[in-house]
Amino acid sequence: MRTVAVVPAYNESNTIGPIIDETSTYVDEIVVVDDGSSDDTTAVAKDHGATVIPHAINTGVGGAVRTGYLYAIRNDYDFIVQIDADGQHDPSYIPELLAVAEDSDMVIGSRYLNESYKNYSFVRNAGIQFFTATVNFLGGMDITDVTSGFRVYRVDQLREILHHSDKHWAVEQTLAAAREGHKTTEVSVEMPTRDE
């Protein structure tokens, strides 16, 4: 089974190198989508061995990950690991996420299945919980962290749920998965708040 990591990045030259190095242990290729960065994100990513797809302008995470998804589809990958470039997502969880993905269509790393969500602000937690409750209600789901960007997708199922929204991509995509009857599973993943 061929696996590609999709890493959306915007001005993450200080953190992306170690993320690429650690992630490369678990996947066949790393694709960094540089979403209009003004720093050295592209150069650092290339220096660490990643394939880089640059965006001329900043589209947001939704636009960046969609570009990565299309790359994976066109290159016949079996699984996508989506991981952020800012250091909040620990690559050491990737084997566990991939193991669960063998029997799922989408796997979400959840900070609400452990205590790490307690380090987030009240406003951020309220927003995450609002969107999660909305998706659970509309999609008949039972998940805890719809906004998490640490995910694994089965590529042949992802074709059916490519999102159009750049701002609320995770909500749209997860609802589409529910409508299509895809199996979505969560895994407990600790996510610290950003240092910068």
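A salt bridge is a side-chain nitrogen of Lys or Arg within 4 Å of a carboxyl oxygen of Asp or Glu. Keep that in mind for the views below. This is a predicted model, in which local features need pLDDT of at least 70 and side-chain atom pairs count only at pLDDT 80 or more, while totals for chains, interfaces and linings use all residues. Residues are numbered from 1 along each chain as its sequence is written, and side-chain values use heavy atoms, with hydrogens and water left out.

**View 1. R111 and D145 form a salt bridge.** The closest N and O atoms of this pair are 2.7 Å apart. R111 lies in the loop between β5 and α5 (122–139), D145 in the loop between α5 and β6, and 34 residues separate them. Helices (H or I, at least four residues) and strands (E, at least two) are DSSP runs, numbered from the N terminus. R111 is buried because its relative accessible area is 3%; buried means under 20%, exposed over 50%, and partly exposed in between (1.4 Å probe, protein chains only). D145 also counts as buried, at 0%.

**View 2. D105 and R154 form a salt bridge.** Here the closest N and O atoms are 3.9 Å apart. The pair links distant parts of the chain: D105 sits in the loop between α4 (94–101) and β5 (106–110), and R154 in strand β6 (residues 151–154). Both residues are buried.

**View 3. E115 and K118 form a salt bridge.** Their closest N and O atoms are 2.5 Å apart. K118 is exposed, as its relative accessible area is 52%. The structure holds 3 salt bridges.

**View 4. Strand β1 (residues 3–9) is mostly covered.** Of its 7 residues, 7 are buried. On one side you will find T3, A5, V7 and A9, and on the other V4, V6 and P8. β1 runs parallel to strand β2 (residues 29–35), joined by 6 bridges, and pairs in the parallel sense with strand β4 (residues 79–82) over 4 bridges. Two strands pair if DSSP finds at least two bridges between them. Follow V4 to meet both neighbours: its bridge partner in β2 is E29, and in β4 it stands opposite I80.

**View 5. D21, E22, D90 and E190 gather in a patch of negative charge on the surface.** Patch residues have over 30% relative accessible area and no salt bridge, with like charges joined within 9 Å. E22 belongs to helix α1 (residues 16–23) and counts as partly exposed, at 39% relative accessibility.

Conventions. Patch = residues over 30% accessible without salt bridge, like charges linked within 9 Å, V, L, I, M, F, W, Y side chains within 5 Å. Areas by Shrake-Rupley, 256 points an atom, 1.4 Å probe, with all protein chains shown as cover. Lys, Arg positive; Asp, Glu negative; His and termini not counted. Charge placed at Lys NZ, Arg CZ, Asp CG, Glu CD.
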